[in-house]
Each structure stands twice: as structure tokens, then as C-alpha cells.
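Please look over the sequence and the structure shown below. The report after them goes through a few features in turn.

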Amino acid sequence: MPGVLSRALRRAGQAVFVVWAAFTGAFVALYLLPSDPVTLMLAQKAGGDTAVIDPAQAAQLRSAYGFDRPLWEQYLTLLGRAVTGDFGASVQTGEPVRGLVLGTLPQTAGLAAFALLLALGAGVALALLAGLTRNGFLRQVLESVPAAGVSIPSFWLGLLLLQLLAFHWSLFPATGGDGFASLVLPAITLAVPTAAIVAQVLGRSLRETLAQPYVQLAQAKGASRVWILFRHALRNASLPAVTITGILVGNLLGGAVVVETVFGRHALGAVTVDAVSNQDLPVVLGLVVLAAVVYVVVSLVVEAIYPLLDPRVRPVVRSR
């Protein structure tokens, strides 16, 4: 029991460190940029980058947002607020960051979840078909499909789907975020490269597992390839695929920034683009912390799944 408790405390400490490091890195990176969010906001309201900015007004806004304080004081103030979930208000819009992020998060989370389901279904199916077929040529074709999927740029695939399925055949809406139909094209755009990576990793792991001596022994006893694949090989070969799936969840959220821009969805992607373009420090910090928390939670879930798939990785509890 003490070993389990120390392991849980260590994992909790690592999770806190990851979130803190992401917050600190984003803070430092934004302050290293030559301009500041107040100047960008005033320039936009005045009509562009060449507009004349009132120094007194700029100084007043910097004081209101605390940008005139020493750097260490700004950092500690923002960090203290972030611990309680308060990231302040957006410099550009004045809207509370928590409401701005949480208000658009469900749309992006729904898109990422749907894309993940499509990717897992397609990736696992492709890897299983390649493992089941005995035709050498067909196996080579199936194994080459993931490489093609990985190499396709998301923005190009999104534009192609828009041209064919939205403009040419009018099967799905081209833009917007209302209804399930508006999710299909951006979800496919996100799912294709993700499915390709899952198929690559799972397919390679299946090939290595099917070459193990216990598989050859099962074949010698007369077991069918389907039985061997689903009863023995798939479970043993799934650990690398589970690991890469956990990493891909974060990639899906990041890829949603590009995809939502292509499909004109006003969700977390649009908020991220605006915040980074305008150096909106509170919003960027809120988004970075959200991404770090998602990464930490997914990592913990993946680690919890490992013992269910492979009993050999379960922690050994020693009794006195």
C-alpha cells in the first residue's frame, strides 16, 4: 500500500509540474515578443498598424491590466489566479477568459471526439485487414495506405472535401457549426492522418506479435488465423497503439485550430488564432493550461489502461 500511495503522489507531482511548466513557458514566450497586447488592441481599434496611438491611453490600459508591474510580480499574480481557475479577462474583448474558453470548448471537444472515433475505427480496421489477409499483394497495398494518409496535409484535405462534398455534390454544409452534418467534413479531415498513424503503429505491432513462438505453436495446433488474431495477438499488440492514441488526442485538439479555420467554425480554434495573433496573454495562458490539463488527464487514463491489457505491467504489492 505505501508503494501505491507513493506512486500516486509521484504521478500527481509530475502532473502539476507539467501544467506549471506549460504555463511558465507560454508566459515567457509571450513576453519575449517585441510588441504587447495593449498596443495591438489600440492599433486595431484605431484602424490598423499605422494608426497613431495615444501614449496616455496606452499607459492607462497597461496599468489596468497590470502590464506596468515588474515581470516577476505579473507572473506571480497570474499564476496565483490560475491556480484558482481565474485567468482574468481578454485584453481584446474584455470577456472573462474562463467563459470565453469554456463557451467554445464543447464544439471543439465534440469535433475532436468524433474525429477520434472515426480514426480509431478506420485505423484498427485497416490494421486488422492487413493482419488477416493471406494475399501478399493485398497486404502490401493495405500496409501502404497509412503512409499515404500521414503525408496528406490537413488543410489540403479539408479544401478537397469542401470542393467535392460541399460545393460539387452539396452533401454537407461547407461552413458553420450547427448540427451533426457540419461535423462530418472537419471530422474526416482530422481523422484521416490520425487513422493512418494508428494503423501504422498497430499494424507493425501485430506483425511482430504474429511472429512470436506462441503464435506459431497455436497455428501448429490448428487454431485459425482469425482466432489467433483476436484471442491472442490483438491484446498483446495493442499497447503501442494505446500509447500513440493518447498522444494523438492532443494532436487532434491542436489540429482543430487549422481545421476549424478552414471550415469557418467559431470554436476553440478561432479563439486560439485570435489570441495568438493579438498576443492576448490571459487567453493564451488559459488555452495553454487547458491543453496541458488535457494532456495530463489523457496520460493518466492511458497509464490506467495498461494493466488491463497486460497484467505484466501491474504494480506488485508486497505484503509483510
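## Salt bridges

There are 2 salt bridges by the rule used here, and the model in which they are found is a predicted one. One of them joins the side chains of Glu303 and Arg11, with a distance of 2.7 Å from N to O.

What is the relative accessible area of Glu143? The value is 31%, which means that Glu143 is partly exposed. Arg207, with a relative accessible area of 41%, is partly exposed as well.

## The chain as a whole

The protein chain contains 12 helices and 0 strands. Taken along the principal axes, the box filled by the C-alpha atoms is roughly 85 × 70 × 30 Å.

Of the 320 residues in the protein chain, 37% are buried. The chain exposes about 17,700 Å², and 67% of this area is supplied by carbon and sulfur atoms. Contacts can also be sorted by how far apart the two residues are in sequence. Among contacts between residues at least 6 apart, 73% join residues that are at least 24 apart.

## Helix H4

Helix H4 covers residues 71-83, which is 13 residues. At 1.5 Å a residue, H4 should span 18 Å, and this agrees with its end C-alpha atoms, which are 18 Å apart. Which residues of H4 are buried? They are Gln74, Tyr75, Leu78 and Ala82. Seen down the axis of H4, these buried residues fall within an arc of 100°, so they line one face of the helix. The general rule behind such a face is that an α-helix has 3.6 residues a turn, so residues three or four places apart point the same way.

The face of H4 that is turned away from the buried side carries the exposed residues Trp72 and Val83. After H4 comes Gly85, which has a positive phi, near 85°.

Part of the surface is a nonpolar patch of about 790 Å². The residues that make this patch are Phe155, Trp156, Leu159, Leu160, Leu164, Trp169, Leu171 and Val258. Which helix gives the most to the nonpolar patch? Helix H7 (residues 154-168) does, with 5 residues.

Leu160 is one of the residues of the patch, and its place is in helix H7. Is Leu160 buried or partly exposed? Its relative accessibility is 32%, so Leu160 counts as partly exposed. Residues need over 30% relative accessible area to be taken into a patch, and Leu160 has 32%.

Methods: Residues are numbered from 1 along each chain as its sequence is written. This is a predicted model: local features need pLDDT of at least 70, side-chain atom pairs count only at pLDDT 80 or more; totals for chains, interfaces and linings use all residues. Side-chain values use heavy atoms; hydrogens and water are left out. Patches are made of residues with over 30% relative accessible area and no salt bridge: like charges are joined within 9 Å, nonpolar side chains (Val, Leu, Ile, Met, Phe, Trp, Tyr) within 5 Å. Accessible areas come from the Shrake-Rupley method with a 1.4 Å probe; for residues, only the protein chains shown count as cover. A salt bridge is a side-chain nitrogen of Lys or Arg within 4 Å of a carboxyl oxygen of Asp or Glu. Helices (H or I, at least four residues) and strands (E, at least two) are DSSP runs, numbered from the N terminus. Buried means under 20% relative accessible area, exposed over 50%, partly exposed in between (1.4 Å probe, protein chains only). The expected span of a helix is 1.5 Å times one less than its number of residues. The arc is that of the directions from the helix axis to the C-beta atoms. Contact means heavy atoms within 4.5 Å.
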